[in-house]
Amino acid sequence: MLTAEIKNLTKTFGSLAAIDNLSLGIEKGKITGLIGADGSGKTTLIRLITGLLLPDSGSVLTLGLDPFTRRDELSLKIGYMPQKFGLYEDLTVIENLRLYADLKGVPYDFDKVLAMTNLEPFQDRLAGALSGGMKQKLGLGCSLLGTPEFLVLDEPSVGVDPISRRDLMKMVRELITPDTSVLWSTAYLDEAESFDMAVILDKGKVIYNGRPDELAADKKEFESRVIELMGGYKREESLIAKNYQPIEVIEECTVLAEKLEKKYGNFYAVKNNSFCINRGEIFGLLGPNGAGKSTSFKMMCGLAKPTGGTAKIMGIDILENPGKARSNLGYMAQKFSLYGSLTLRQNLEFFASAYGIKFVDRKKRVDEIIDIFGFKGIEDQKSEDLPLGFKQRLSLACALIHNPPILFLDEPTSGVDIIARKEFWNHITALAKRGVTILVTTHFMDEAEYCDRISLFYKGEAIAVGTPDELKKKADTDNMEDAFINLIMGAGVDTK
């Protein structure tokens, strides 16, 4: 039996065919993974299936109902978790659960969900104050209320650590019934191994539909096969790095943290954090959501005042001379932090001005960046309308526009597809070879292999520091994902 039956479906936005004559059946009682590049049509397809969008042509039947004309009836049978955080950040955990229970007309029976999400001790905490992993668990818990017949999850694990990602899949497996169907879109290829079925989209068309284990024999082959199906990736010389002229650096230890601490009341977000990053080194901060990585970033670049200790950028104390220290670094925030109502070019012009590029030089530099980053033809689009991969590339361009010798990248590839990630890291490694110092966080453990050294964070403290090979040896494993999980679990993680 089919939970969703899609025939010759088409949906266009202007001249763009987001869904192009697509036909697909989603089987009942199975977890189907929806995999694809940015702009491949995943979210559009999900919105058509749930009745949030009206197709241009073709047909959709979801649980035997037309999702657009009978959306109210269908919504009672569907648990939907949107790509963007769909909860109310100014409500507490328990208030969000009660609200969703009221919307679905189900009783306030939250014991099982609270137990599975490990949110029982945090019922009175505002949703906006939760870590990324806890937010995603709460969102999933709300979508599971009322035991839906069809659970639709649009990238539920984006931006969360490997332990929390495993917890999310475990939650779904344990809280659904044998007859529940699940559609789960994702940017993490390793998650596909947990699905019963895998559907790969490219340019609005299905390019693979079958069992994940039939796609490739092992994890590495799986990744290569998906890249091949998406059109392949050929590594080329990074024009970004080739044309980059970083400020001359004399100091060998370009980024220094000395007993850095950040305390909120009795809670240490960061405790006794010390490290030295050398010129041209890629230094990774890894750890579970809420471990203190982003707080460390904010202190290092002067966006948060340390409770104790100090940080120096190019030998300049960030507290004594924050403006001069910040002029030496480019910062790419965890969330898209550019101005959505401004065009791509206008964002570049704004950041060129903010970073002190003189007016007479500004247009030339912006034109150079547009050419180097491949933005020609889209420079007049609003940044909020860009695909996620281009948003991330624009964020990097804004961080690099003043040729800083240091880059701070906070989860720079979160949510983007495997090809975009490979392209991004091609630029990053090439920049490091040009002498740019890079501090980076990531939840993709394959990306951790690009780092020269890694500091593994848990509860605000570094529990292990070393090269990727040294950490794998310490954890007695041959891959970084297992090394991450083993070392964190060994430190007593409670997977909240």
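**A first look at the predicted chain**

T180 sits in the loop that links helix 6 (162-175) to strand 7 (181-186); helices (H or I, at least four residues) and strands (E, at least two) are DSSP runs numbered from the N terminus. The model is a predicted one, in which local features need pLDDT of at least 70 and side-chain atom pairs count only at pLDDT 80 or more, while totals for chains, interfaces and linings use all residues. Residues are numbered from 1 along each chain as its sequence is written, and side-chain values use heavy atoms, with hydrogens and water left out.

With a relative accessible area of 2%, T180 is buried (buried means under 20% relative accessible area, exposed over 50%, and partly exposed in between, with a 1.4 Å probe and protein chains only). Its side chain makes a polar contact with the side chain of T177, at 2.8 Å. Such a contact is a pair of N or O atoms within 3.5 Å; within protein, one must be able to donate a hydrogen and the other to accept it, and residues adjacent in sequence count only if both atoms are side-chain atoms. Beyond its neighbours within four places in sequence, T180 is in contact (heavy atoms within 4.5 Å) with G29, K30, P148 and E149.

Stepping back to the whole chain, there are 18 helices and 19 strands. The radius of gyration is 23 Å, close to the 23 Å that the globule rule gives for 496 residues, so the chain is as compact as a globular protein of that length. This radius is taken over C-alpha atoms, and the rule is 2.2 Å times the number of residues to the power 0.38. Of the 496 residues, 55% count as buried. Among contacts between residues at least 6 apart in sequence, 69% join residues at least 24 apart.

Not counting residues up to four places away in sequence, A491 touches Y458 and I463. The C-alpha atoms of A491 and I463 are separated by 7.5 Å, although the two residues are 28 apart along the chain.

Most residues other than glycine have a negative phi. N21, in strand 2 (residues 16-27), has a positive phi of about 50 degrees and is partly exposed at 43% relative accessible area. N272, in strand 11 (residues 267-278), has a positive phi of about 55 degrees and counts as partly exposed at 45% relative accessibility.
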